[in-house]
Amino acid sequence: MLHSKCTLRINLDTIKNNYQLLQKKCPGAEVGAAIKANCYGLGMAKIAPLLKQLECKTFFVANSDEGIIARKMLNYDVNICVLHGVFNNDKRIFKEYKLIPVLNCIEQAILWHSFADECNEKLDCFLHIDTGMHRLGMSEQDLNIVIAKLNRLNILYIMSHLACAEEQENELNKIQLQQFTNATSNIPYIKKSLANSSGIFLGKNYHFDLTRAGAAIYGINPILNEQSGITNSLELLAPIIQIRELPPLASIGYGQTYINNTGKNCKIATIAIGYADGFLRQLSNKISVYINAAPAPVLGLISMDLTVIDVSSIAANDLFLGQQVEIMGINNTPESLATVAGTNAYEILTNLGNRFEKVYTQES
Ligand SMILES: *Cc1c(COP(=O)(O)O)cnc(C)c1O
């Protein structure tokens with residue numbers, strides 16, 4: 001056994017196939033990429049340049065710190081848009097790194113416009129309007145004021161964001177589309193963007209000029225309970241670092257949440273992964289992990305760095321120190337873990353810890 005590190009294997013071919021599938025789905029629109037939160041935990045340094053090679057020209061990050069990191073990785077020939085928008089303390093950073101703010105309210109629009117005035121030039125931006133999510137975005141009235149009055153803004157796109165796009169039948173999708181169309185119908189000369197990954201699968205009406213894909217690129221299924229052609233790009237493996245027998249009536253882990261009531265010895269193994277690695281504590285006593293496709297149930301509470309599993313039914317020659325156990329992969333998808341933990345696959349990915357050995361595989 002060389003070390004106790006977990007391995008996070010990220011298949012770049014799958015990421016490439018997912019992105020190209022999205023491009024095929026959007027024949028008339030550019031597919032931009034959300035690379036915020038370090039590409040949803042998978043690593044911006046490898047993935048963002050790959051997407052650029054595939055002709056992605058527009059990237060979305062959350063704030064200007066992420067924007068600086070992305071700019072250094074992508075050079076100056078792509079657009080990097082900052083979803084939180086611009087603030088007084090980072091407006092100069094935006095100019096220095098050529099970051100494009102998404103202006104989410106009239107105050108941000110005024111700030112960016114005054115800064116443009118100060119610089120004596122026109123500055124690029126996106127305008128975000130709210131069409132029903134009520135999270136970020138200005139009203140239709142404010143949009144009209146900004147367009148009419150703030151003539152130092154070079155508005156590249158007007159955008160909005162869908163709240164329920166992964167539920168294809170949800171009425172809010174159509175309402176938001178209608179609202180977006182109404183609010184922008186008198187400004188045909190500015191480009192538009194509405195759909196996230198799931199929005200792309202709602203059909204052509206939702207695509208406009210630019211889509212903003214995140215989850216589907218990384219392999220999260222964008223349609224609830226249906227096939228989309230998007231495939232999981234991740235495998236997470238944790239090594240066994242101890243194997244032992246658990247006598248009858250003995251308990252495992254903090255709080256004695258598992259007691260051996262089988263009446264006989266039970267063979268258990270300790271693996272080097274815990275909730276600090278994003279192996280959520282809510283999964284304790286509820287799921288199995290896999291050794292060569294054979295299930296090994298999690299016993300007791302998942303602790304910070306360690307988890308105990310039942311290996312009674314694992315073949316003897318598959319049991320040794322250093323054996324790699326599948327935490328996530330073919331048998332446990334991000335979606336299936338999310339369902340058991342009561343969250344979504346996005347949270348499973350963005351919770352993945354930073355002490356894994358990340359291995360990127362690529363054949364083509
Ligand atoms: C994160 C984000 C996206 C990407 O969403 P996915 O569901 O991951 O495709 C698109 N637009 C906005 C405004 C976002 O915040």
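View 1. An oxygen atom of the ligand lies 2.8 Å from a polar backbone atom of Ala215, a polar contact being a pair of N or O atoms within 3.5 Å. The model is predicted: local features need pLDDT of at least 70, side-chain atom pairs count only at pLDDT 80 or more, and totals for chains, interfaces and linings use all residues. Residues are numbered from 1 along each chain as its sequence is written, and side-chain values use heavy atoms, with hydrogens and water left out. A side-chain N or O atom of Tyr40 is 2.6 Å from an oxygen atom of the ligand, and a polar side-chain atom of Arg212 is 2.9 Å from a ligand nitrogen atom.

**View 2. The largest cavity.** The whole structure holds 1 cavity of 30 Å³ or more, a cavity being a set of points on a 1 Å grid over the protein atoms alone where a 1.4 Å probe fits but cannot get out. The largest cavity has about 70 Å³ of space, the volume being that filled by probe spheres set on the points. Its lining (residues with an atom within 4 Å of a point) includes Leu236, Asp277, Gly278, Phe279 and Leu352. By class, the lining residues are 9 nonpolar, 1 polar and 1 charged.

Key:
Polar contact = N/O pair within 3.5 Å; in protein donor to acceptor, adjacent residues only side chain to side chain. 1 Å grid on protein atoms, 1.4 Å probe; cavity = no way out; pocket = protein on both sides within 12 Å on 5 of 7 lines; lining within 4 Å. Nonpolar A, V, L, I, M, F, W, Y, C, P; charged D, E, K, R; others polar.
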